[in-house]
Amino acid sequence: MTTAATAATATTSQADQPAQPAQSAARPAPQPRSAYRAFRPISTRWADNDVYGHVNNVVYYSWFDTAVNAHLIEHGVLDIHTGETIGLVIETQCNYFAPLAFPQTVEAGIRVARLGGSSVRYEVGLFAQGEPLCAAAGHFVHVYVDRATRRPVPVPEPLRAVLQALVVGG
């Protein structure tokens with residue numbers, strides 16, 4: 001009986017101990033402008049601000065799409081209306097370092113971190129106009145697919161050439 005009571009007490013004592021914090025990777029740091037290959041200005045809108053007086057987090061994701069897709073359209077390698085190949089987003093992520101708000105011009109820096117056979121990892125840094133470090137940085141991954149079948153296809157060569165100019169790192 002003493003052994004069972006001691007075991008129960010030991011179990012209770014362990015359960016009362018505070019949980020140890022999970023080990024996690026270091027928080028990303030804001031990147032400088034030099035880390036990006038192309039830039040696009042984006043004007044904030046009145047509706048972008050939330051009740052806390054800064055741009056709402058969901059707006060940042062629309063800016064990622066705007067910056068990358070506008071770059072591809074302007075380079076003639078993305079036809080959003082009739083192109084046979086389209087990019088579907090399969091992953092997104094964003095880290096926030098400083099607030100952005102209306103009225104302000106945001107400068108979106110873009111780069112390609114990985115260019116695969118049918119997928120691309122785009123990274124976007126959002127800068128307050130003229131600031132040296134990004135206020136937010138994130139990424140999204142496009143898998144390029146056939147518009148009709150939605151099955152992955154190789155990144156078309158004209159698109160690959162434009163993306164290659166945005167590649168950073170090894």
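Tyr 61 and Phe 64 lie 3 residues apart in helix 2 (residues 57-74), so about one helical turn separates them. Helices here are DSSP runs of H or I with at least four residues, strands are E runs of at least two, and both are numbered from the N terminus. The model is predicted: local features need pLDDT of at least 70, side-chain atom pairs count only at pLDDT 80 or more, and totals for chains, interfaces and linings use all residues. Residues are numbered from 1 along each chain as its sequence is written, and side-chain values use heavy atoms, with hydrogens and water left out.

The count of aromatic pairs comes to 7. Tyr 61 and Phe 64 form an edge-to-face pair, with 5.6 Å centre to centre and 70 degrees between the planes. Rings of Phe, Tyr and Trp (its six-membered ring) pair if their centres lie within 6.5 Å; planes under 30 degrees apart are stacked, over 60 edge-to-face, and the rest tilted. Tyr 61 is partly exposed, at 26% relative accessible area. Phe 64, at 1%, counts as buried. Buried means under 20% relative accessible area, exposed over 50%, and partly exposed in between (1.4 Å probe, protein chains only).

The chain holds 3 helices and 5 strands. From the N terminus on, the order is α-β-α-β-β-β-β-α. Of the 170 residues, 36% are buried. Among contacts with a separation of 6 or more, 72% join residues 24 or more positions apart. A contact means heavy atoms within 4.5 Å.

Gly 109 is part of strand 3 (residues 105-115). Its relative accessibility is 0%, so Gly 109 counts as buried. Gly 125 is 16 residues away in sequence, yet the two C-alpha atoms are 5.0 Å apart. Leaving out residues up to four places away in sequence, Gly 109 touches Tyr 36, Ala 38, Phe 39, Glu 123, Val 124, Gly 125 and Phe 127. Tyr 36, Phe 39 and Phe 127 form one aromatic cluster. Arg 111 lies over the face of Tyr 36, at 4.4 Å from the ring centre. For such a placement, NZ of Lys or CZ of Arg must be within 6 Å of the ring centre and within 35 degrees of the ring normal.

Several loop residues were also examined. Pro 30 sits in the loop between helix 1 (2-15) and strand 1 (38-43). Pro 30 is partly exposed, at 30%. Its C-alpha lies 7.0 Å from that of Ala 137, 107 residues apart along the chain. Contacts of Pro 30, not counting residues up to four places away in sequence, are Phe 97, Leu 133 and Cys 134. Phe 102 and Pro 103 are joined by a cis peptide bond, with omega about -5 degrees. Pro 103 belongs to the loop between strand 2 (85-96) and strand 3. Arg 150 has a positive phi near 60 degrees, in a residue other than glycine. The loop between strand 5 (136-146) and helix 3 (157-164) contains Arg 150. Arg 150 is partly exposed, at 45%.

The largest pocket holds about 150 Å³ of space. Its lining includes Gly 76, Asp 79, Tyr 144 and Pro 156. On a 1 Å grid over the protein atoms alone, a pocket is an open set of points where a 1.4 Å probe fits, with protein on both sides within 12 Å along at least five of seven lines; lining residues have an atom within 4 Å of a point.

Technical notes:
Grid points are joined across faces, edges and corners, and a volume is the space filled by probe spheres set on the points.
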